[in-house]
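Please keep the structure in view while reading.

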Amino acid sequence: MTELHPASLPLQEGEMLAAIDLGSNSFHMVVAQYLLGQLRVVDRLRETVRLADGLDARGGLSAEARQRAYACLARFGQRIRDIPPQRVRAIATNTVRKLASPQAFLMPAESALGHAIEVVAGREEARLIYLGVAHTQPSKRGRLRLVLDIGGGSTECIIGSGLETIERESIQLGCVATTRRYFSDGKLSRKRWNAALTDVATTFQPFAARYRELGWDDAIGTSGTNKAIGDVCAAMKLTKGSVLADALPQVRDRLLRARSIDTIDLPSLPEDRRPVIAGGLLVLEAAFHALGLERMAVSKAALREGVLYDMLERGGDDDPRDSSVLALMKRYGIDALQADRVEATALRLFDQVAGSWNLEIDDRLMLSRAARLHELGLTIAHSQYHVHGAYVVEHSDIAGFSRQQQQFLAAVIRTQRRKIPKHVFDALPDRLLPAARHTAALLRLAVLIHRAHEADPIPRLDAQVDDDRLTLTLDERWFDARPLLKADLDDEPAKIAPLGISLRLQTR
């Protein structure tokens, strides 16, 4: 058994961590040090990149936007050059989610940064935003809190209590995208504003009634738009930094006096915020109307802080991904005993080949989760259950997982039995392909060995690898007593070959 790369081991005193947020308007990075069980921020970097400005209707990204992003990431990468990769998380959000070919952007982006970049779904983004606010500004026990984050390309609305979210929504409205949609020519007018406000408000309708019925004790706004409008309200002496329902019309009226975006004159508004403030204010006014907000405080915390605290949880006993897997097992009535058997055998094989295949602790964790979820599709239908399970895992909202991680799990679950499709790993970035192929092979063997759902222990199960040649050794008497397993394993070398694995079986 090899010593594995400490990708998910607990944080040690004094370790440095970094979180990067590739937002649709700005890129942010926060660097923190782990001291006495807490995170102490030691550096922050922010650059206005306007990634969403380069996004077209077909999911293409302009060369100019790409170059702005790569240049910024190269500067960020220089700052965190000495931080181990397992202590860095970079999160891409709405604009990258909407790209037709995200890998074409992500590969050079990862090279520029020097670290992997995760793409998260909108509701996972919402969870991370709430986590940042909840840790940075703890609320009293039992109180409900609404968090509203207006980003460059999307807006996240969350209701939570303590550190846990209760409701999460992500809608396709952001300061950059909304400004481009309704004010693309740069002209402002009250008539145009009112028409846009009516249109934007409808986007909140599918969940607004549910949110208002649940209610909240306090509301907090995060990210640049909310902070900028809070500062404008304070500079106009309308509030002391919060945003009030009766202050927004006064800010809007002053904004509309400009007649054009280029001449907007709002006190305390940063110059780089002027080109997108109209869309941001429009979304905020629509949110106040739809949700019935009267007052919203403004928080400095956002996605990047949430990512840091999520890393802290992953380094301990509270990894949210494990809670999500357990919830899926309960929801889909997965046979826990069979999952345990398959998991134990898959990990038994993993520990014998990890060193030769350069597998890491995170790969072991992903194999463990795939094993626990491998029969998820049975609740839909026995026929093609591996296909059903893979679809559910890839397309569900699973807290704690990035899109790439869900695609990884889905591919491993999809290839656990029967024919292996040619394009099953196409959605994965190249850096994940070797681990995906190898863990898929190990799960496949574990599922096959436990096909009969036997509880009896396996007396011998030895695995050795030489490059991609895998030799599996079983106890001869035990193996001969299981003709079904013998028939399955006799056919397996040909079936597993599309994974790039040459399988050899022997008994002793």
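## Helices and cysteines

Ala-286 is part of helix α9, which covers residues 277-291. The model described here is predicted. With a relative accessibility of 0%, Ala-286 counts as buried. Apart from neighbours within four places in sequence, Ala-286 is in contact with Leu-197, Val-200, Ala-201 and Phe-204. Val-200 is 86 residues away from Ala-286 along the chain, yet their C-alpha atoms are separated by 6.4 Å.

Helix α15 is made up of twelve residues, 403-414. From its first C-alpha to its last, α15 reaches 16 Å, close to the 16 Å expected at 1.5 Å a residue. Ten of the twelve residues of α15 are buried, so the helix is largely enclosed by the rest of the structure. The buried residues of α15 include Phe-408, Leu-409, Val-412 and Ile-413, and also Gln-404, Gln-405, Gln-406 and Arg-414. Ala-410 and Ala-411 are on the list of buried residues too.

How many disulfides does a search of the whole structure find? The search finds zero. Cys-157 is in no disulfide, and the cysteine sulfur nearest to its own belongs to Cys-175, 15 Å away. A disulfide needs two cysteine sulfur atoms within 2.5 Å, so the sulfur of Cys-175, at 15 Å from that of Cys-157, is too far away for a bond. The table gives the accessibility of both cysteines.

| Residue | Relative accessible area | State |
|---|---|---|
| Cys-157 | 0% | buried |
| Cys-175 | 1% | buried |

Conventions:
Residues numbered from 1 in each chain as written. Predicted model: local features only at pLDDT ≥ 70, side-chain atom pairs only at ≥ 80, totals over all residues. Heavy atoms only, no water. Buried < 20%, exposed > 50% of the residue type's maximum accessible area, 1.4 Å probe, protein only. Helix = DSSP H or I, 4+ residues; strand = E, 2+ residues; numbered from the N terminus. Expected span 1.5 Å × (residues − 1). Contact = heavy atoms within 4.5 Å.
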